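Biologist: I have the model open and would like to go through it with you. Can we start with what counts as buried, then move to single residues?

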Amino acid sequence: MTLSYRGSWLLTVLRKVSDWPQRIVIEGSTNLVIVAQPGMSQLIVGDEWQLRIEHHVSGAWRPNASLIQGTTTERGGQSCHRVMTKDHFWQDDATPNDLVVELRSVGAGVTAVGHLAVDRDLRPYDGGLRGTTPYFLGVDIRNTGHRPLGYDATLDITAYGRHTLAEYGVHVIDDWTDRDLRTVGQEIYGTAVSLPPIRAGEQTTAYFRVDASRSIQGHPEVEFALSSADDDGYSSAARVVSHPIVIGDAAQPTLGPTQTRTAVVQPVATVTADATMAVRPYQQW
């Protein structure tokens, strides 16, 4: 019995009333074993993963009898719900409250995963982002959230991101011709460019007009901002992601782009129940 998730979620243990030790097992694009204690929290980061809950009895970990996901609420751009479980149904005790955890989505829900310098016909330029040949900066955006992005999503380079690029001699051009818009298949909303619908786990490329004729070598971290018509309840700060842009023939930064944007989850060590712990036994099924 499992529940499926996408993206980054903060798990918090709210309540444990069972006499038996409980653990939360995460499997998929990330793998964790979390021994559940009230008040503890764990950040879970992965493209797609499953959650199950087990209890320790008779010297072994066994799957709980029920796993119930509560109603999801949306607030401040975050999705939140509780997961309730019953390790074993007793004649006079069927309430699924042996372990209650809360899961709250975190992060912008998108990640910049790559970039490419291309000419006016979208042909990749081997020389990178330098000189007069690069006409567009293509930025690969992946939907790492748990819900799709609609037609109203746009991407922009923040004012700070533009300033950062300018320090390396790369200037963002906001004047677009009809030909350029047809080439990239985008629309313009102020300084932002439109994105097509992106399902969870999928990605697309957004293009920005640039002038790199006076660029200097480096790999600055550049900010991008995702927004939508109603902003899905997110604040503008919550939808900002960054990505290192390689300018000139600078070597790729040692720290990969995913590491710069996503908190690293340290797996919690798996522990077994103390043999002296008082637990009520039940017949094996």
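Modeller: A residue is called buried when its relative accessible area is under 20%, and exposed when it is over 50%. Keep in mind that this is a predicted model.

Biologist: Then take Q186. Buried or exposed?

Modeller: Q186 has 6% relative accessibility, which is under the 20% limit, so Q186 counts as buried.

Biologist: Where is Q186 in the fold?

Modeller: Q186 is in a loop, the one between α2 (178-184) and β14 (188-189).

Biologist: What does Q186 touch, leaving out residues up to four places away in sequence?

Modeller: With those left out, Q186 touches W176, L181, V193, S194, T205, A206 and Y207. For Y207 there is also a polar distance to report: a polar atom of the Q186 side chain lies 2.7 Å from the backbone nitrogen of Y207.

Biologist: Y207 again. Which aromatic cluster is Y207 part of?

Modeller: One cluster is formed by Y135, F136, W176 and Y207. W176 and Y207 are also among the residues that Q186 touches. As for Y135, R209 lies over the face of its ring, at 3.9 Å from the ring centre.

Biologist: How many aromatic pairs does the structure hold?

Modeller: The structure holds 7 aromatic pairs. One of them is F208 with F224, a tilted pair with 6.1 Å centre to centre and 40 degrees between the planes.

Biologist: And what does the F208 and F224 pair tie together?

Modeller: F208 lies in strand β16 and F224 in strand β17 (residues 221-227), so the pair ties together parts that are 16 residues apart in sequence. Both F208 and F224 are buried.

Biologist: Let's switch to sheets. Which order do the strands take in the open sheet of 4 strands?

Modeller: The order is β10-β11-β16-β13, and the pairing is antiparallel. At the edges are β10 (110-118) and β13 (171-173), each of which pairs on one side only. On average, neighbouring strands of this sheet are turned by 40 degrees against each other, direction ignored.

Biologist: How many bridges join β11 to β16?

Modeller: There are 7 bridges between β11 (residues 136-143) and β16 (residues 203-211), and the two strands run antiparallel. Within that pairing, D140 stands opposite T205 in β16.

Biologist: And how many bridges for β13 and β16?

Modeller: Those two strands pair over 3 bridges, in the antiparallel sense. V172 stands opposite V210 in β16.

Biologist: What about T204, where is it and what is it in contact with?

Modeller: T204 is in strand β16. Its relative accessible area is 17%, and T204 is buried. Leaving aside neighbours within four places in sequence, T204 is in contact with V139, D140, I141, L195, P196 and I198.

Biologist: Now the sheet of 5 strands. What is its order?

Modeller: That open sheet runs β14-β15-β12-β17-β18, with antiparallel pairing. β14 and β18 (240-244) stand at the edges with a single partner strand each, so one side of each is left without a neighbour in the sheet.

Biologist: Which strand is β14 joined to, and by how many bridges?

Modeller: β14 is joined to β15 (residues 192-194) by 2 bridges, and they run antiparallel. The bridge partner of Y189 in β15 is A192.

Biologist: Which strands does helix α1 lie across?

Modeller: Helix α1 (residues 159-167) lies across β12 (154-157) and β17, and runs at about 150 degrees to β17.

Biologist: Another spot, L67. Where is L67, and what is it in contact with?

Modeller: L67 is in strand β6 (residues 66-69). With a relative accessible area of 12%, L67 is buried. Beyond its neighbours within four places in sequence, L67 is in contact with M1, T2, L3, L51, R52, I53, V83, M84 and T85.

Biologist: How many residues along the chain separate L67 from M1?

Modeller: They are 66 residues apart along the chain, and their C-alpha atoms are separated by 6.9 Å.

Biologist: Last topic, the whole chain. How many helices and strands?

Modeller: The protein chain has 3 helices and 18 strands. It has 285 residues, of which 45% count as buried. Among contacts with a separation of 6 or more, 69% are between residues 24 or more positions apart.

Terms used:
Residues numbered from 1 in each chain as written. Predicted model: local features only at pLDDT ≥ 70, side-chain atom pairs only at ≥ 80, totals over all residues. Heavy atoms only, no water. Buried < 20%, exposed > 50% of the residue type's maximum accessible area, 1.4 Å probe, protein only. Polar contact = N/O pair within 3.5 Å; in protein donor to acceptor, adjacent residues only side chain to side chain. Contact = heavy atoms within 4.5 Å. Pairing = 2+ DSSP bridges. Axes fitted to C-alpha atoms, helices over the stretch in contact; angles between N-to-C directions. Phe/Tyr/Trp six-rings, centres within 6.5 Å; stacked < 30°, edge-to-face > 60°. Lys NZ or Arg CZ within 6 Å of the ring centre and 35° of its normal.
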